[in-house]
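Student: I'm new to this one. Can we go through a few of the labels and ask what backs them up?

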Amino acid sequence: MYSSRSGWLNRTVLFIVLACASLIVASRFGLTLVPPVVSTTLYGWALLLGAFALLLGIANTVRFHLVRVQRGQREWLLSLLLLIVFALVLGAGISSPEGTTGLLSEWIFDAVVAPGQATLYALTGIFLLSAAYHFLRIDRPGGLWILAGAVLMLFVQTPFLYRIVPDSLIDLVDWLLSWPVMAAMRGVLLGSALAVLFISLRLIVNGTK
Amino acid sequence: MATFDCPHCGYSNPVASQFCLNCGTNLVRRQPQSAPAGESPDEPDDLTGGQETAPPQPGEASEGRQSSAEASDPGFSQTGSDRPSADEDATPETGKDKPEPDTARPGPLLGDLGGLLEPADPLSFITSGAGALDPTRDSTTALSGELTTDEEERRQLRQLFSEDLPLPVGARPDLTPDAAEAAANGNGLQRQFWLEMLLLLVMIGALLWGGQPSLGAAPHALPGLEQVHRQIDTLPPNSLVLVNWAYDPASAGEMDLLAQPLIEHLLQRQAKIIVFSQLPGGPATARRVIARAEESLKRPSRTQITANLVIEGGYLPGGAASLPLLGVAPARALPVDPNWVDLRERFSIAALSETGPALTLVIAARAEDVRRWLEQVQPLNDGTVVAATSAVAGPAVRPYLHSGQLAGLVSGWDGGSVYVRRLERARNPAEQGRSLRLVSGQNWGVGILIVAVLLGNLAGLNQRRSR
């Protein structure tokens, strides 16, 4: 990827990023040399940037699909559908004085958004089942342990099964969650935090040497 | 914008284009490379024939690589359109038409550290091959399909995610009749007719008998629930409670069972609830659950209750980056709708900035949202935080409960069911029945999943052994 920016501009951007990062880090460590208003202002800017990025994302999506429709690219009809729905929802929000709490917006949420999202999420169960058929096999190496763990967790998370499952099994799962699983989760948390830190540093300094 | 003429049709393409936008010719291997020192003066420096040259990438191709590209690509020989003119040929030594020296080009942000905005190649972080870690590796070559990383490492990576031994790249799998049939018709287990029929019957049974309240009995709650109940129960009236609504309709089937009893309890305690969400669908989801909670408590009317006890903070964009503002200046962060808030509530939010919330409740379907709050906000306002999470997020959040950063935790719909039982006296019968039906439906769903996983495994095991 080529950059058309000058080296001077790049260095200026880098300086601003480093300055902001240093101020935030210093304020989080409680160093008194950073006035609280500075870090608060920076946090406020982050919020503004987030909102602006959202608008940019919407504009970019609309532009992308407009171009697809204009050029008649593959599946342009779906892009057209997206644009129509976008215009309708936007119109529903703008046309009502109540905004997102207006009657039409609320109806769209109740009749389209909520059932649509819930349906898509419910398909996760099917994907889970399919993945279980593929990977949770008893005859795979270690498969029995993985399968037993998965079924055990499902058992103890299902209230009506407490009538079937003995208390000792529930106590066993409680112990598993409180000790070995928690130890593993702490390791995962620490390890992932360190990994993110080092990968971030590596990306920043391009440490591929 | 810098452009590059296609050597095949002459169309002006942006320099970053990999293929000609007009004729589709591969431009990556034809883009001009910077002339290395000591190159033969007979070889023209500017292959574009006067067009603006592309700025080089860090670690751009060396002389040897360019030569190999020329040797490997018969079409690399200069055509009439891109061969320099006689005038250009006559003055190569003056450097007049040469590309600018490296120091004048837009270089990396830091000289020795490389470009901050350098595109990252994930494969270079998970492979240790010399090719992947070579700083002089030409990324354009990788883009053009010439693999520079060790094929053996790629195969090992694939092996981690594949069931069978990996095949060499380019080799075709040996499809036996059975394997070909399975590949054509899907996995063998999914073609078990009796299994599909059984699952269908169980699903129909769940729809027919799933509403029986008797099945939603004896739920089990993990540690942490008692602390949540105690934290809310000891709140004095008019306490400010900040609620981070971190789920939307996608996971509402499970999360509503958790959120509603907690909101009911807060309303019972006459707490002032300030609700916000970082999900676009969060505020609308919160409105509905709060309305149901108020209905369940038989409050007079929603408008009155909302004006008195619930302030809608709305949608907070920016993800984790905007969360710290909630810790240091919540009144600036919460986009409260002026129509909902009178002067008294504005004063309350101002008080939130001064004293902080008496309690923060994070209702999250993902562990990530709880973790973000505990890392980005809680250290800044030192507030008490309790969480209600989905069952899958529970184990990931539980270490924070044991470390004391989290004052209480309710997870899973069984946790929600236990919490509901503590509120039975205040709930109306219709809401009790609805809650039990939801729990019963969830039970049936998980029951079907357990049966399907077990039967499917047994059937698959039996099928594979019989072959």
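Student: What makes the pair B:Asn381 and B:Gly383 a polar contact?
Tutor: Keep in mind that this is a predicted model. In it, a polar atom of the B:Asn381 side chain lies 3.0 Å from the backbone nitrogen of B:Gly383.

Student: Why is B:Asn381 called buried?
Tutor: Its relative accessibility is 19%, and buried means under 20%, so B:Asn381 counts as buried.

Student: Which residues does B:Asn381 touch, leaving out those up to four places away in sequence?
Tutor: B:Gly327 and B:Pro357. B:Asn381 itself lies in helix H17 of chain B, residues 378-381.

Student: What makes strand S5 of chain B largely enclosed?
Tutor: Of its 6 residues, 310-315, 5 are buried, so the rest of the structure largely encloses S5.

Student: How do you know that S4 and S5 of chain B pair?
Tutor: Pairing takes at least two bridges, and 5 bridges join S4 (residues 272-277) to S5, so they pair. The two run parallel.

Student: Where does the name "transmembrane region" come from for residues 444-461 of chain B?
Tutor: From UniProt, in an unreviewed entry. In the model, that span is 100% helix and 0% strand, with its end C-alpha atoms 25 Å apart.

Student: And which spans of chain A carry that UniProt label?
Tutor: Among them are 43-64 and 76-94, again from an unreviewed entry. Residues 43-64 are 100% helix, with end C-alpha atoms 31 Å apart. Residues 76-94 are 100% helix too, with 27 Å between the end C-alpha atoms.

Methods:
Residues numbered from 1 in each chain as written. Chains lettered and ligands numbered in written order. Predicted model: local features only at pLDDT ≥ 70, side-chain atom pairs only at ≥ 80, totals over all residues. Heavy atoms only, no water. Helix = DSSP H or I, 4+ residues; strand = E, 2+ residues; numbered from the N terminus. Buried < 20%, exposed > 50% of the residue type's maximum accessible area, 1.4 Å probe, protein only. Polar contact = N/O pair within 3.5 Å; in protein donor to acceptor, adjacent residues only side chain to side chain. Contact = heavy atoms within 4.5 Å. UniProt positions renumbered as here; feature names shortened; annotations may be inferred.
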